[in-house]
Amino acid sequence: PHLRHFCRFLLPTNEKQTETKPEEKEETLDELMEQLDSLIGLDTVKHEVRSLINLIKVRAMRKEHDLKVMNMSFHMVFTGNPGTGKTTVARLVAKIYKQLGFLSKGQLIETDRSGLVAGYVGQTAGKVTDVVNSALGGILFIDEAYALARKGMENDFGHEAIDTLVKLMEDHRDDLVVIVAGYTDEMHDFLTSNPGLISRFNKYIDFPDYTDDELMAILEMNAGRQGYRVAEAAKAVVRGMLTQMTLSERMDFGNARGMRNTLEKLVQAQANRLAAHDGTSSKLEVPDFTAKI
């Protein structure tokens with residue numbers, strides 16, 4: 001469906017927008033947990049993350065009382081379609097783990113096949129080592145990890161990357177968490193591509209597709225963050241667009257990513273309409289409105 005005919009319903013809020021530089025302030029554990037709880041949907045994911053947090057807290061308590069602590073792997077597999085919040089949750093988990101004292105730095109390093117695999121013999125191991133070293137003290141997030149294990153390509157350097165990764169995960173098990181992410185079926189092929197790989201991961205978290213209600217809530221949330229509100233008539237059109245999508249179209253849409261793209265189209269169409277007023281429209285209630293879009 002075309003969005004141009006209802007872009008007039010995307011309105012600026014009445015709140016004055018001021019640009020401020022983000023403060024270099026480390027968030028507390030309570031603040032991070034609030035952020036986790038405020039994520040739209042993902043109830044099962046939140047439950048799984050909380051279970052991991054409880055486990056880490058109890059392990060820390062046992063250490064304080066000189067009790068034995070069982071060796072465990074905290075590397076994880078995130079499965080699900082694109083745009084379902086995997087990277088967002090991984091970033092929060094990294095910060096939460098730091099506040100719990102489980103990780104020393106709490107940064108999230110994102111990479112994929114292109115960041116790990118080199119084009120010549122002997123270069124891939126060094127490339128993987130450099131990426132892992134940059135993630136020490138935090139989380140290494142490998143998106144579309146299944147691309148490292150391409151079937152039918154015995155000479156592909158992706159397998160060298162996996163072999164190197166397996167060794168480094170063991171060497172740095174005390175201050176590194178690796179999260180591999182991708183489609184459910186493809187991730188199974190990846191984990192079985194190396195005998196030592198699947199044993200490194202014992203925590204699987206599935207990220208379901210968002211419902212229509214959740215996607216609409218995401219649209220409103222993103223619009224509000226940018227100083228806009230979406231009128232009821234516009235919401236009805238967007239919801240209709242979602243309802244009419246086929247399964248294939250829904251897969252291509254990309255969940256929350258698709259809603260962000262939809263908002264960008266709305267803002268662009270609104271900008272074209274308001275530009276015709278030469279900045280004299282009464283709708284321009286926010287002083288820096290044109291700058292923001």
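**View 1. The aromatic cluster of Phe-74, Tyr-97 and Phe-102****.** In this predicted model, Phe-74, Tyr-97 and Phe-102 belong to one aromatic cluster. Rings of Phe, Tyr and Trp (for Trp, the six-membered ring) are taken as a pair if their centres lie within 6.5 Å; planes under 30 degrees apart are called stacked, over 60 edge-to-face, and the rest tilted. By this rule the count comes to four aromatic pairs. The model is predicted, with local features requiring pLDDT of at least 70 and side-chain atom pairs counted only at pLDDT 80 or more, while totals for chains, interfaces and linings use all residues. Residue numbers start from 1 along each chain as its sequence is written, and side-chain values use heavy atoms, with hydrogens and water left out.

**View 2. The ring pair Phe-78 and Phe-207****.** The two ring centres of Phe-78 and Phe-207 are 4.9 Å apart and the planes meet at 50°, so this pair is tilted. Phe-78 sits in strand S2 (residues 75-80) and Phe-207 in strand S6 (residues 201-207), so that the pair links distant parts of the chain, 129 residues apart. Helices (H or I, at least four residues) and strands (E, at least two) are DSSP runs numbered from the N terminus. Both Phe-78 and Phe-207 are buried, where buried means under 20% relative accessible area, exposed over 50%, and partly exposed in between (1.4 Å probe, protein chains only).

**View 3. The ring pair Tyr-146 and Tyr-183****.** Tyr-146 and Tyr-183 make a tilted aromatic pair, 6.0 Å centre to centre with 35° between the planes. Tyr-146 is in the loop between strand S4 (139-143) and helix H6 (158-171), and Tyr-183 is in the loop between strand S5 (177-182) and helix H7 (184-191), 37 residues apart. Tyr-146 counts as buried, at 18% relative accessibility, whereas Tyr-183 counts as partly exposed, at 28%.

**View 4. The surroundings of Asn-81****.** Asn-81 lies in the loop between S2 and helix H3 (86-99). With a relative accessible area of 15%, Asn-81 is buried. Leaving aside residues up to four places away in sequence, Asn-81 touches Lys-86, Tyr-183, Phe-207, Asp-209, Met-251 and Asn-255. Contact means heavy atoms within 4.5 Å.

**View 5. The surroundings of Arg-113****.** Arg-113 is found in helix H4 (residues 113-116) and counts as buried at 15% relative accessibility. Residues up to four places away in sequence not counted, Arg-113 touches Ala-147, Leu-148, Arg-150, Asp-156 and Gly-158.

**View 6. Glu-26 and its contacts****.** Glu-26 is placed in the loop between strand S1 (10-12) and helix H1 (29-38). Its C-alpha atom and that of Lys-95, 69 residues apart along the chain, are separated by 9.0 Å. Not counting residues up to four places away in sequence, Glu-26 touches Lys-98 and Gln-99.

**View 7. Helices H5 and H6****.** The axes of H5 (residues 124-135) and H6 come within 9 Å and cross at roughly 40°. Axes are lines fitted to C-alpha atoms, for helices over the stretch in contact, and angles run from 0 to 180 degrees between N-to-C directions. H5 and H6 are therefore oblique to each other; angles under 35 degrees count as roughly parallel, over 145 as roughly antiparallel, 65 to 115 as roughly perpendicular, and the rest as oblique. H5 passes H6 in a right-handed crossing, a crossing being right-handed if the near helix is turned clockwise from the far one by less than a right angle and left-handed if anticlockwise. Thr-124, Ala-125, Val-128, Thr-129 and Val-132 of H5 meet Glu-160, Ala-161, Thr-164, Leu-165 and Leu-168 of H6. These contact residues divide into six nonpolar, three polar and one charged (Ala, Val, Leu, Ile, Met, Phe, Trp, Tyr, Cys and Pro count as nonpolar, Asp, Glu, Lys and Arg as charged, and the others, Gly among them, as polar).

**View 8. Helices H8 and H11****.** The axes of H8 and helix H11 (residues 256-275) come within 9 Å and cross at roughly 45°. The two helices H8 and H11 are therefore oblique to each other, and their crossing is right-handed. On the H8 side the contact has Leu-215, Met-216, Ile-218, Leu-219, Asn-222 and Ala-223, which meet Ala-256, Met-259, Arg-260 and Leu-263 in H11. By class, eight residues of this contact are nonpolar, one is polar and one is charged.
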